[in-house]
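Let's walk through this model together, one feature at a time. Keep the viewer open as you read.

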Amino acid sequence: MTKFSSLATATALASLLLMGSTFAQTAAPAAKDATKTEAKAPAAEKKDAKPRTAESLECSKQADAKALKGKERRKFRKECLKEAKTGADKPAK
């Protein structure tokens, strides 16, 4: 019985040592050409992108000055653009 347990212990140790070297020799995964953030092209570089209007740029500058982010920024720009369009549509007296 002692011989069997010694043999089992030796086999277990040998398999653990061999498994460690097996995992150490596996190849690293291939690197992707572009990460997720690099894969997305900025809006200005898209082929179908419309050029930004002066009103849009001005509203963006105002939102930057107020340090708006996320939903608050989108809401502000939407209202700003709406006001800029209605102001531009009114005839000058």
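Where is Ala67 found? Ala67 sits in the loop between α3 and α4, where helices and strands are DSSP runs numbered from the N terminus (helices H or I with at least four residues, strands E with at least two). Ala67 is not a glycine, yet it has a positive phi of about 55°. Most residues other than glycine have a negative phi. With a relative accessibility of 58%, Ala67 counts as exposed; the cut-offs are under 20% relative accessible area for buried, over 50% for exposed and anything in between for partly exposed, using a 1.4 Å probe and protein chains only.

A word on the ground rules. This is a predicted model, so local features need pLDDT of at least 70 and side-chain atom pairs count only at pLDDT 80 or more, while totals for chains, interfaces and linings use all residues. Residues are numbered from 1 along each chain as its sequence is written, and side-chain values use heavy atoms, leaving out hydrogens and water.

Now for the overall picture. The protein chain has 4 helices and 0 strands, giving the pattern α-α-α-α along the sequence. Of its 93 residues, 9% are buried. Its accessible surface is about 9000 Å², with 61% belonging to carbon and sulfur atoms; these areas come from the Shrake-Rupley method with a 1.4 Å probe, and for residues only the protein chains shown count as cover. The mean pLDDT, the predictor's confidence in each residue from 0 to 100, is 77 for the protein chain, and 63% of the residues score at least 70.

What joins Cys59 to Cys80? The link is a disulfide with an S to S distance of 2.0 Å, the criterion being a pair of cysteine sulfur atoms within 2.5 Å. The count by this rule is 1 disulfide. Cys59 belongs to helix α3 (residues 54–65) and Cys80 to helix α4 (residues 70–89), so the pair ties together parts that are 21 residues apart in sequence. The link of Cys59 and Cys80 is left-handed, with -80° about the S-S bond. Both Cys59 and Cys80 are buried.

The two cysteines also belong to the largest nonpolar core, whose 5 residues are Cys59, Ala63, Leu68, Phe76 and Cys80. Such a core is a set of buried Ala, Val, Leu, Ile, Met, Phe, Trp, Tyr and Cys residues joined through side-chain atoms within 4.5 Å. The elements giving two or more residues to this core are α3 and α4. Setting aside neighbours within four places in sequence, Phe76 is in contact (heavy atoms within 4.5 Å) with Cys59, Gln62, Ala63, Lys66 and Leu68.

The structure holds 1 salt bridge, meaning a side-chain nitrogen of Lys or Arg within 4 Å of a carboxyl oxygen of Asp or Glu. Asp64 pairs with Arg73 in this salt bridge, their closest N and O atoms being 2.7 Å apart. Arg73 counts as partly exposed because its relative accessibility is 21%. Arg73 is also among the contacts of Ser60, together with Arg52 and Arg77, once neighbours within four places in sequence are left aside. Ser60 lies in helix α3 and counts as buried at 9% relative accessibility. Lys61 is in helix α3 and is exposed, with a relative accessible area of 56%.
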